[in-house]
Structures are given as C-alpha cells and as structure tokens.
Amino acid sequence: MTSTITSQRDVVVVGGGQAGLAIGYHLAKQGTDFTILEAAEEPAAAWRERWDSLRLFTSARYDSLPGMGFPGDQERYPTRDEVADYLTDYARAFDLPVELNSRVRAVRRQNDGYVVQLDDRAYEARQVVIATGPFQTPFVPPIAEDLDDGVVQMHSTEYRSPESVPDGRVLVVGGGNTGFQIAEELSATREVHLAIGSRQTPLPQRVFGRDLFWYLDTTGIIRKTTASRIGKLMRKREDTLIGSNPRRARRHGIQLHGRAVAAAGSTVSFADGADLDVRGVIWATGFRVDHSWIDVPVFDGTGRAVHERGVTSSPGLYFLGQLWQHTRGSALLGWVKDDAAYLAEKVAASRPTAASQPALATSTESRSAR
Ligand SMILES: Cc1cc2nc3c(=O)[nH]c(=O)nc-3n(C[C@H](O)[C@H](O)[C@H](O)COP(=O)(O)OP(=O)(O)OC[C@H]3O[C@@H](n4cnc5c(N)ncnc54)[C@H](O)[C@@H]3O)c2cc1C
C-alpha cells in the first residue's frame, strides 16, 4: 500500500518544453488552475541536450512563443543556448508554474478525470495535456551492436562537439539536418563519411535574401493541414534538409554513402556493397516516441496517439507539439502557438462551471494536499 500525496488541479500539462510553455501561457491567461510537470532538472532540457554549435534552421522572426517575441536581430539564426535562455525567460516572464524534477510515470483515467502519477506524488486533474515532445527516445539501429568496443559510438544526442569524437575516420549515419550538420562540423578536423539511408529534399535556407520560412509563412504553406492536398504531399516527404545538401557536403570533403546495412568489428557495410573501416560512429538516426506510460486507450496498433488536432477520444486528454499534429508548423517553435491556442480553447470549453463541479474522487490510498 503506497502513501501518495495527491494534489488536485483543473489541468496538468506534462512536459515543460516549448509546447508545454505555449499552452501554459494560454491557461494562465484564462486563470486556469494548472501545473506543468517537467522531468528534467532545468528548463529547456531538450535544447540543452543538443550539440554545442547547433543553430536553428528557423530565423529569430519565426522562433517566438505567444506573447513574447524572440529577442535580437530577427534575421539571424539563434544558437541552442539562446533558445534555452529564451524558454527559461519565457516561463519566468509569465510566471508559469513549471515543476522541475517531476517525471510523470503514469497517466490513467479515474472517474471523470485523470490521475497523473509521479514517483513521490500524484495529481488528480480533469484535463491533461501531453506535451512531451516529438523527439523522445534516441533510436540506434541494431547493427550498432555488431561493432566492436574499439569503435567509439554515440547517438547524436550524446554528441556535443568534435572533442566528443576520437581522432581518425568518423562515420555519421543519417542524412537529415542533424547528420549533415554534425558531419560538416567534424569535417574541419578529420576524415568524415556520411551514410544517407533515404534522400531528403534539400531546400535553401535563404532565397533571394529572405529566410525560407518567410515564403512558407507568407504563402500559408506552413499552415496547410494534414488533411489538405499539399499537407498530405509534404507529409509524405516529411523531412526536408534545410541549408544542407549533398553538394555542399562534398565541398566540405565529406564522402557520401548509401544506407549503412551491416557492421562487424570496426567495419560498416553499405547498401551498395562498399565497406568502411571506422574509429567512430555517430548515429544521427532519429528518435522514437514512447507513450507507454499513458494508460488510456487512445493509441492505434503501432502505439501512435489517435487524435484530431490534439484532441483524443478520451474526454480531457490532449496532445500538443507532435510532428504534423495539425500542420508542418505544429512541432516548430514559431507555430506551436496555433495548436496551443486551439487546445486552450478546448480546455476552457470543457471546464465545468463551479456550480456543476463535483469534487474529484480521491483514491483511498492517498491523502489530499494543495
Ligand atoms: C536537432 C534539432 C534541431 C531543431 N531545430 C529547430 C529549429 O531550428 N526551429 C524549430 O522551430 N524547431 C526545431 N526543432 C524542432 C522542435 O522545435 C524541437 O524538437 C522542440 O524541442 C520541440 O518542443 P516540445 O516542447 O514539443 O518538446 P521538447 O522540447 O522535447 O520538450 C518536451 C519536454 O517534456 C519533458 N518530458 C518528457 N517526458 C516526460 C514525462 N514523462 N514527465 C515529465 N516531463 C517529460 C522533457 O524533459 C522535455 O523537456 C529541432 C529539433 C531537433 C531535434
């Protein structure tokens, strides 16, 4: 029998990244009784975990959350640390109730609300917003296990700077923005190879002196929904390379390969039959989403959340910040505000009035605290 301190809130937001903060802004404005639970010990954790030299592919003009512009020259491409600082300042400026060191272990339905379980306490809430990010669990392909211990391997989330990687020939696996950018940084000091599993459409960062996102925003393409023809087309092509491309990589002396299909000892083999002996491998091979801790039947057979613009079939349970949640912009700094505003309206509309509001039943194993 556990003795859990259980508190009550109208709304619990799980995740204190840009998505959690963006809806927090609206909830605070509505005067909603809510909290934001963040697993990490410091704000903007996801950004702080990315490599040191990372620069955004969106210019500052397109990096703002609702109510507060991204500071400085709007045409520049901010660094990782500038984003972390902006998000930290944002939470402070609007006095958002972010509880750090608060990993949610389970969410389950109880009566007409939810229990949100942490290690040391629980919340009961009528409504819960899951804002735990589109890039959660680093994915490394199983062939990594076939490399011997002499090869230094890391996922891109562990890569910080060229000093993270041993001298000698390095292979970066993954032909997305992350793979290209890390390969380019490493190419200044060593021999770098890049394995590209599937080609992504390269787009220039600036066109006729303007940021790419100016065109996507002005033409409305960034807000085309998943249901629209253009949206469906773009989604099929999902990932686009912004600013990087194979020609530019070759100019940096990076040697390009096809998909890495096998490994043995210190050798990686590629789809075209070529082999490469390596000292280090960086797996820029993406992420998987893990929602296994949400014990509510809103997932399809593949574990993907089923929702309509973030609204699930379980009353009061929402997702925010997912890739293509509604549009291409849904998981981007400058556009997550659209879905956040939409969901905040849904939350407000579902809030019972004081007169109609029965107390949330408290489990027998818990005692209430506020
Ligand atoms: C390398 C890279 C570069 C990017 N560059 C850009 C860019 O230039 N411009 C742009 O607009 N977008 C960019 N993005 C996309 C997007 O803006 C980021 O991924 C952003 O971090 C997503 O914000 P989020 O709030 O949805 O998720 P996250 O930032 O991942 O925040 C989710 C938070 O939830 C917390 N959490 C997770 N599980 C739990 C739990 N069970 N309990 C409590 N807390 C939990 C995590 O600790 C985390 O802090 C980039 C993404 C990557 C990976």
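**Cavity, ligand shell and selected residues**

A search of the whole structure, which is a predicted model, finds one cavity of 30 Å³ or more. A cavity here is a set of points on a 1 Å grid over the protein atoms alone where a 1.4 Å probe fits but cannot get out. Grid points are joined across faces, edges and corners, and a volume is the space filled by probe spheres set on the points. Rolling a probe the size of a water molecule over the atoms shows where empty space is left. The volume of the largest cavity is about 40 Å³. Its lining, meaning residues with an atom within 4 Å of a point, consists of G175, F180, I196, R199, Q200, L241 and P246. By class, the lining of the largest cavity holds four nonpolar residues, two polar and one charged. In this scheme Ala, Val, Leu, Ile, Met, Phe, Trp, Tyr, Cys and Pro count as nonpolar, Asp, Glu, Lys and Arg as charged, and the others, Gly among them, as polar.

Local features need pLDDT of at least 70 and side-chain atom pairs count only at pLDDT 80 or more, while totals for chains, interfaces and linings use all residues. Residues are numbered from 1 along each chain as its sequence is written, and side-chain values use heavy atoms, with hydrogens and water left out.

We turn next to the ligand. There are 32 residues around the ligand, of which Q18, E38, F57, T58 and L333 come nearest; a residue is near if one of its heavy atoms lies within 4 Å. The residues of this shell comprise 19 nonpolar, ten polar and three charged. Helix 1 (18-30) and helix 2 (45-48) each supply at least two residues of the shell, and helix 2 gives the most, with three residues. Helices (H or I, at least four residues) and strands (E, at least two) are DSSP runs, numbered from the N terminus.

For E38, a polar side-chain atom lies 2.6 Å from an oxygen atom of the ligand. The corresponding distance from a polar side-chain atom of Q18 to a ligand oxygen is 2.8 Å, and for R50 the value is 3.2 Å. Of the 980 Å² of accessible area that the ligand has on its own, the protein covers 91%. Accessible areas come from the Shrake-Rupley method with a 1.4 Å probe; for residues, only the protein chains shown count as cover.

E184 is found in helix 4 (residues 177-186) and counts as buried because its relative accessibility is 18%. The side chains of E184 and R248 are joined by a polar contact of 2.6 Å. A polar contact is a pair of N or O atoms within 3.5 Å; within protein, one must be able to donate a hydrogen and the other to accept it, and residues adjacent in sequence count only if both atoms are side-chain atoms. H257, in strand 15 (residues 255-257), is likewise buried, since its relative accessibility is 16%. Its side chain makes a polar contact of 2.8 Å with the side chain of H193.

N101 has a positive phi of about 50° although it is not a glycine. This residue sits in the loop between strand 3 (98-99) and strand 4 (104-110), and N101 is exposed because its relative accessible area is 55%. R309, also not a glycine, has a positive phi near 50° and belongs to the loop between strand 21 (294-295) and strand 22 (317-319).

Some pairs set sequence separation beside spatial distance. D290 lies in the loop between strand 20 (287-288) and strand 21 and is partly exposed, with a relative accessible area of 34%. R223, in the loop between helix 5 (212-218) and helix 6 (229-236), counts as partly exposed at 41% relative accessibility. R223 and G20 are 203 residues apart along the chain, and their C-alpha atoms are separated by 20 Å. I36, in strand 2 (residues 34-37), is buried, with a relative accessible area of 0%. From I36 to V306 the separation is 270 residues in sequence and 23 Å in space, C-alpha to C-alpha.

Notes: On a 1 Å grid over the protein atoms alone, a cavity is a set of points where a 1.4 Å probe fits but cannot get out, and a pocket is an open set with protein on both sides within 12 Å along at least five of seven lines; lining residues have an atom within 4 Å of a point. Buried means under 20% relative accessible area, exposed over 50%, partly exposed in between (1.4 Å probe, protein chains only).
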